[in-house]
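I opened this notebook to record what I looked up in the structure.

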There are 2 protein chains.
Amino acid sequence: MVKVNENYLKLKAGYLFPEISKRVNNYTQANSSSKVIKLGIGDVTEPLPKACVKAMGEALNEMGTNNGFKGYGPEQGYGWLREKISVNDFISRGCQISSEEIFVSDGSKCDSSNILDILGSDNLIAVTDPVYPVYVDTNVMTGRTGETLQNGTYQGLVYLAINEENKFQPEIPKKKVDIVYLCFPNNPTGATITKQELKKWVDYAIENKSLILFDAAYEAFIQDKNIPHSIYEIEGAKNCAIEFRSFSKNAGFTGVRCAYTVIPKNLSGQNSKGDKIDLWSLWNRRQCTKFNGVSYIVQRGAEAVYSSQGKKEVNSLIDFYMKNAEIMQNKLRSAGFKVYGGDNAPYVWIKVPDRMTSWDFFDYLLEKADVVGTPGSGFGLAGEGYFRLSAFNSRMNVNNAMERIINI
Amino acid sequence: MVKVNENYLKLKAGYLFPEISKRVNNYTQANSSSKVIKLGIGDVTEPLPKACVKAMGEALNEMGTNNGFKGYGPEQGYGWLREKISVNDFISRGCQISSEEIFVSDGSKCDSSNILDILGSDNLIAVTDPVYPVYVDTNVMTGRTGETLQNGTYQGLVYLAINEENKFQPEIPKKKVDIVYLCFPNNPTGATITKQELKKWVDYAIENKSLILFDAAYEAFIQDKNIPHSIYEIEGAKNCAIEFRSFSKNAGFTGVRCAYTVIPKNLSGQNSKGDKIDLWSLWNRRQCTKFNGVSYIVQRGAEAVYSSQGKKEVNSLIDFYMKNAEIMQNKLRSAGFKVYGGDNAPYVWIKVPDRMTSWDFFDYLLEKADVVGTPGSGFGLAGEGYFRLSAFNSRMNVNNAMERIINI
C-alpha cells in the first residue's frame, strides 16, 4: 500500500496564516457589521508600478503574435532579467554576483523551501526564534527534525532567540551548526543587522564550513545607509551564503509572482566522503528537472522594476509603506506600547501588555478594535509576548486602525 | 560542514533536453549556414489564444488600480478558476471532481515532481520505459532509487516496457507496486489507452492499495471518442489516482505557466502503523507551506480557456498541430519509416533504421537534414531504437522538415 511521508504528521496544526484567516472569518461571520482592518499577513496593497504594467502589457501582446510568441523559457530565467538583477542589485553595491549566479523563480517561499532539496538530511540546522514559519515547517516536512516538544519547538533544530534583551540580534551558536537561516531586515521583528554583526556570521560560517541561507526579501525597506542590503556586501560571503530576494515587497508582486535566488559559483558543500560538491550545479540540476521557469510576461514586469521609471515608482511605494510604519510607531508609542522595528522594515513588533499572551492580544485587538495582526508566538516560542503589525495597507486603513487601538 | 544531498550525484549526465541543446548548439556553431528545424522539445509555437490575451490584459489593468489590485491569492488557486475546471474538464464528462479537489499550479513538471514530497520514501515505484525523464530523475533525487546499473536503469525502480511488441501498453506488474506513473496520451510514444485497459490499472491499484499518478497533459489531443481524457472516467479511480493536467499544450501556455493537479478528497495512503492518512490534506499543507499560488493575471488567462471563444481557439490550435502530426505520419511512412503515435497525440514515434542507435539517428537527422528530434533512448532503455518527433511547429517548418528527411 502507498505510504505517506509521515514527517507531515509532526507538523503542528495549520500553518500560521490559514489559522489567522479562520479566526477572522469566524469573527466577521458572528459580527457582520464590523469592518475589520487587516495588518496581519505581510501582503502589499498598492497598485503595481505603471512601468511594470506597461512592460507586461507589451509582453502579453507579443505572446499573441506569431513572431513574438515565447514557449518554454530558460529554467534559470531569461538572461536579460538576470543581467539587470546582477548589475542593479549587486554590482552597483560592489558585490561581484554575475547573472549566471542568479536563478529567477516564482517566489521566495518556494525557493527557501526548495533549497533543502539539494542539501543532505543530516545537517544540523539553526533558525532564529521568532522565525518565518516556512523555514521550520519545511525542515519538519523533510524529516530534518524530531517530534514537537511540549513547548512547541522541534527536536533537532537549534533555536537562536531574538528578543529585547539581545536587541533582536541572534547570538552565534555555541556548538557548530551546518546551516543557519538569517533574515534581515527581519520578518517578523523588523530588526536589522549591521555589517559588523553580519561579518561575525560570515566568519563563523567560513570557519565551520557552514552555509548561511540569507533571506533579504525586505532589503528595499532599508533607510539607513550603513545597513547591508545583501550578505554579499560582506567579504567572504560568496563562500558561505545563498541569498533569497523577491519582487513581492518592493514592486508589489505578491499576486504576480517573481523572485530570485543567488547561488555563487564557488559555493560548495561536501558529500559523505568529504569531497567538495558544488551547490550551483546541484541547484541548476534541480531547477532544470523540477521547474519550468517563470512566466515570460512576469519576467518582463520584473525587468521593468530596473527601468528609471520603475525605480522611481518602487521608491514611492517604499516611501508610502515606510510612512505607514512611522505613523504606526508614533501612535502605538503614544498609546503606551513598547514598539520595535518599523525603521528599516515594513513591520512593527509590539510588546504585548503584561499578563496577556500573543493570542490573547490577537483576540483582544480583533474584538475591541476590529484590527488583525499576527501573534508573535505564531513565529516561535520566543515570539510569545510580542505581536506583529504590518505597514502594508492604505493610509486610511492605517490611520483608522491606529485610532481604534488608541481608543480601546 | 554543510552536507549535500548525495542522491543528486547518482543522476546520469545532464537532463535530456539540455543535452540536446548542447549538441544542437555545437552543430549550428560549426555549420553557421544551416537552418535547423527543431522538432525536439514538446514546445508549442503558435500564438496564445486571443481570448486568453484579452483576459490577461484586463487582469493586468486591474492590478494597476487601487480597487482591482490583488496581492497573494489562495495557494490552491482562485475559486472561480477551480470551479471552471471542475465543470468543464470533469463534470461534463461524468467525473465527480469538485473544485476543492483541484489545485492550480505553475506547471505539471513541478506538480509531478513535488507530489513525492507527501509520499513515503519506502514505496516501490513503477514507471513505464520509455518515460518522461522527470518521473525517474525526481525519484533519484529524493533517494527513492539505488545507483544506476550498467544499462542506465536505476536500482529499485520497476520498469514497465512499452514497445511495438505490446502495442505500447504497459503490462500490469507481476509484483505489487505502491505507486505507478501512467501518462496517456503518452509522452514520448504518442500511444493512448482504452477505458478497458485503464480499468485494469484502476482495479489493480484498488486491490493492492496502490496509487496511480496519472499524467494527462496531452488529453486535449485525443480525437477518438472512446479514449478517456481523465482517469476519473474509470469507476473507482477517485480511490486510487492523482491526475496532472496542464494548460501548456492545449492553450499554448508553456511560456505563461499554468497547470493543475487533482487530488480526490477520499484518497488516502497509510502511515507506518497502518492508519489511513488523507492525501488531500497533506498536499494542501504542502502547497500552503511551500507555494504561493499562481499569478492572478495567468489564472485569468487560464479561465478564458473555458470561455466559448477560448474553447474555439483551443480547438483550432489542436487541429493545427494534429494536422502537422498527420502530415508527418504520411511523409515519414512514404519515406519508408515505421511510425507510431500521432493519431491522438502531438508526437510521432519512429522506429529507427536497423543498425542505428537512437543517438546515431539524432546525429544523422541533424547532419543530413538539419532536423532536431529526441532520441528514444533518452527516455529510457526500452526507448532505444526509437525516435520522437514533435508536431509542435509551424506548417512551413513541418513541411520543410519532412521534405528534407524524404530527400536525404
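For the entries on charged pairs I counted as a salt bridge a side-chain nitrogen of Lys or Arg within 4 Å of a carboxyl oxygen of Asp or Glu. The model is predicted.

**Entry 1: domains of chain A.** I looked up the division of chain A and found domain 1 (6–47 + 309–406) and domain 2 (65–307). Their C-alpha centres lie 25 Å apart.

**Entry 2: the interface.** I noted that 39 residues of domain 1 of chain A are in contact with 49 residues of domain 2 of chain A. Between these two domains about 3,500 Å² is buried, and carbon and sulfur atoms give 60% of that area.

Entry 3: How many salt bridges does the rule find across the interface of domain 1 and domain 2 of chain A? I recorded two salt bridges there. I also looked up A:Lys338, which forms a salt bridge with A:Glu164; their closest N and O atoms are 3.1 Å apart.

**Entry 4: elements on the domain 1 side.** In chain A, α9 (308–334), β11 (339–341), β12 (347–351) and β15 (386–390) each give two or more residues to the side of domain 1 that touches domain 2. The largest share, eight residues, comes from α9(A).

**Entry 5: strand β2 of chain B.** In a regular strand the side chains alternate between the two faces of the sheet. I found both faces of β2(B) (residues 102–105) covered: B:Ile102 and B:Val104 are buried on one side, B:Phe103 and B:Ser105 on the other. Strand β8(B) (residues 259–262) runs antiparallel to β2(B) and is joined to it by four bridges. I noted B:Thr261 in β8(B) opposite B:Phe103.

Conventions:
Residues numbered from 1 in each chain as written. Chains lettered and ligands numbered in written order. Predicted model: local features only at pLDDT ≥ 70, side-chain atom pairs only at ≥ 80, totals over all residues. Heavy atoms only, no water. Buried < 20%, exposed > 50% of the residue type's maximum accessible area, 1.4 Å probe, protein only. Pairing = 2+ DSSP bridges. Domains from an automatic or database assignment. Contact = heavy atoms within 4.5 Å. Buried area = accessible area lost by both parts, 1.4 Å probe.
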